[in-house]
Amino acid sequence: MLSLGAWLGTETGYLSGHGMYFLGMNYPLRFVIFGATLATLGIVGEHLFASPGSGAFSFKERLLSMSAQTRVIGLLNLFVALWIMSIFGNYGDMALWHKVRQYELLHWSLIFGVVAVAAVWYGLKRDDGVLRGFGLTFLFINLYTRFFEYFWDSLHKAVFFTALAVSFWYLGRKAEAIWHIGQHDVHPNEGVQPTPTSGRG
């Protein structure tokens, strides 16, 4: 998977004459598509794959058995590329990017946020810790990146870091609650004693 990603970057760079754009896309945007494709294939493959018997794997089964790794590599490429897109947009020239105002890239931040929320939602629906973890982690990365972008220069540093600390505490508590939604494990304080069948004794 890593070699495939390296090949994609090298090949598209070669075809574009080592320019920053290939079919109108800069490098991060290409890897958004690459990551989304791998993640989708991995998720679909995990749903289709059933553990075979003791016989030899067929070629299709070998591919499907790699769905978990495909999904993780795809999600990593997708979310890292979306994070970079939320900062730089589809710009390959730093001189042009410096002239762009932050609000002009807001749509990429929104797309990044929607994808992260979708990963959390689907992870909760399927009780999938990997998707929940990726979604929550990169949702917070998105929020804090925007916080630094919009308030670093405008807020007094004492207020800035106080708000940062309070938000860490609050979002950390919410993230923990979201993480445990849909988990079917027994709570440490539950299941120790049998459920009483009579009233108070």
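Biologist: Are Phe31 and Phe34 buried or exposed?

Modeller: Phe31 and Phe34 are both buried. Buried means under 20% relative accessible area, exposed over 50%, and partly exposed in between (1.4 Å probe, protein chains only). This is a predicted model, where local features need pLDDT of at least 70 and side-chain atom pairs count only at pLDDT 80 or more, while totals for chains, interfaces and linings use all residues. Residues are numbered from 1 along each chain as its sequence is written, and side-chain values use heavy atoms, with hydrogens and water left out.

Biologist: Where do Phe31 and Phe34 lie?

Modeller: Both are in helix α2 (residues 27-48), three residues apart, which is about one turn of the helix. Helices are DSSP runs of H or I with at least four residues, strands are runs of E with at least two, and numbering starts at the N terminus. The protein chain has eight helices and zero strands.

Biologist: How many aromatic pairs does a search of the whole structure find?

Modeller: The search finds seven. One of them is Phe31 with Phe34, which is edge-to-face.

Biologist: What makes the pair of Phe31 and Phe34 edge-to-face?

Modeller: Rings of Phe, Tyr and Trp (its six-membered ring) pair if their centres lie within 6.5 Å; planes under 30 degrees apart are stacked, over 60 edge-to-face, and the rest tilted. Here the centres are 5.8 Å apart, and the planes stand at 85 degrees. The distance is within 6.5 Å and the angle is over 60, so the pair is edge-to-face.

Biologist: Why is the pair of Phe112 and Phe138 called tilted?

Modeller: The ring centres are 6.4 Å apart and the planes are at 55 degrees. Phe112 belongs to helix α6 (residues 106-126) and Phe138 to helix α7 (residues 129-151), and the pair links distant parts of the chain, 26 residues apart. Ring pairs also join Phe112 and Phe138 with Phe79 and Phe134 in a cluster.

Biologist: Why does Phe112 count as buried?

Modeller: Its relative accessibility is 0%, which is under 20%, so Phe112 is buried. Phe138 has a relative accessible area of 9%, so the conclusion is also buried.

Biologist: What makes Arg71 count as buried?

Modeller: The relative accessibility of Arg71 is 6%, which is under 20%, so this residue counts as buried. Arg71 is in helix α4 (residues 67-88).

Biologist: With which side chain does the side chain of Arg71 make a polar contact?

Modeller: The partner is the side chain of Asp128, at 2.3 Å. A polar contact is a pair of N or O atoms within 3.5 Å; within protein, one must be able to donate a hydrogen and the other to accept it, and residues adjacent in sequence count only if both atoms are side-chain atoms. The distance of 2.3 Å is within 3.5 Å.

Biologist: Why is Met20 called partly exposed?

Modeller: Met20 has a relative accessible area of 37%, which lies between 20% and 50%, so this residue is partly exposed. Met20 is in the loop between α1 (2-15) and α2. Met20 and Asp93 are 73 residues apart in sequence, with their C-alpha atoms 7.7 Å apart in space.

Biologist: What is Met20 in contact with, leaving aside its neighbours within four places in sequence?

Modeller: The residues are Met25, Asn26, Tyr27, Arg30 and Gly92. Contact means heavy atoms within 4.5 Å.
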